[in-house]
Amino acid sequence: MDALTIGKILSQACHDVNSGQRVTITAYGVSMLPLIGNMTDRVVLGPVSADELCVDDVVVFHYHGRLLLHRIVAINGDNLTIQGDGVLRWQERVVKADVVARAEKVVRSNGKVFVCGEPSWKQLSARWKATPFLVKYVVLHTLHLYQKIKKKLC
């Protein structure tokens, strides 16, 4: 699937969420590895208001004409700092009004379900955040190589 197709799918999903529906999408991209797998995990999105947003929420937001799914790492008034779990240095700066949906659940390819506000998901997220930079770098590099090899073999 190309970026344009993914953008259209995510745009329609956000439209549906804005109508009050919950929508399940297949995660696309490596920026949320290792907690959300590229083309393997599904994410249940639901509506969220600006005053409900919290640090560590995984959200869909507008950024330079694109829709992205990343984690809120800081809130300062109406300003958000957002970063993908698989992105070690880059952060996005947006406002609360740019957020269009919040991840409610992550469904693994094996059927295991993580509810984003529950302790198991919070523990997993906290462990990844506490992982030393060099270990994260090696893990992410290995996962990216695996994805490339898998893509070539399929």
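Predicted model: local features only at pLDDT ≥ 70, side-chain atom pairs only at ≥ 80, totals over all residues.
The protein chain carries 20 positive and 13 negative side chains, and the centres of the two sets lie 10 Å apart. Residues are numbered from 1 along each chain as its sequence is written, and side-chain values use heavy atoms, without hydrogens and water.

**Overall fold and surface**

- The protein chain has 3 helices and 8 strands, where helices (H or I, at least four residues) and strands (E, at least two) are DSSP runs numbered from the N terminus.
- Read from the N terminus, the order of elements is α-β-β-β-β-β-β-β-β-α-α.
- The radius of gyration is 15 Å, which agrees with the value near 15 Å for a compact globule of 154 residues; it is taken over C-alpha atoms, and the globule rule is 2.2 Å times the number of residues to the power 0.38.
- Along the principal axes, the C-alpha atoms fill a box of roughly 40 × 35 × 30 Å.
- The accessible surface of the protein chain is about 9100 Å², with 56% of it belonging to carbon and sulfur atoms; areas come from the Shrake-Rupley method with a 1.4 Å probe, and for residues only the protein chains shown count as cover.
- Of the 154 residues, 40% count as buried (buried is under 20% relative accessible area, exposed over 50%, partly exposed in between, with a 1.4 Å probe and protein chains only).
- Among contacts (heavy atoms within 4.5 Å) between residues at least 6 apart in sequence, 49% join residues at least 24 apart.

**Nonpolar cores**

- In the largest nonpolar core, which has 26 residues, I36, V43, L45, V60 and W121 touch the most other members; such a core is a set of buried Ala, Val, Leu, Ile, Met, Phe, Trp, Tyr and Cys residues joined through side-chain atoms within 4.5 Å.
- Elements giving two or more residues to this core include α1 (3–18), β2 (42–46), β4 (66–76) and α2 (119–130).
- Beyond residues up to four places away in sequence, I36 touches A27, D41, V43, V58, L69, V106, R108 and W121.
- A second, separate core of 11 residues includes L53, I72, I82 and V99.
- In soluble globular proteins, nonpolar side chains tend to be buried together.

**F61 in strand β3**

- F61 sits in strand β3 and counts as buried, at 0% relative accessibility.
- Between F61 and V99 there are 38 residues of sequence separation, yet their C-alpha atoms are 4.2 Å apart.
- Leaving aside neighbours within four places in sequence, the contacts of F61 include L68, I82, V94, V99 and V100, as well as R66, E92 and D98.

**Backbone features worth a look**

- Most residues other than glycine have a negative phi, and most peptide bonds are trans.
- L33 and P34 are joined by a cis peptide bond, with omega about 0°, and P34 belongs to the loop between β1 and β2.
- M39 is found in the loop between β1 and β2; M39 is not a glycine, but its phi is positive at about 65°.
- With 41% relative accessibility, M39 counts as partly exposed.
- H64, in the loop between β3 and β4, is not a glycine but has a positive phi of about 50°.
- The relative accessible area of H64 is 69%, which makes H64 exposed.

Methods. Lys, Arg positive; Asp, Glu negative; His and termini not counted. Charge placed at Lys NZ, Arg CZ, Asp CG, Glu CD.
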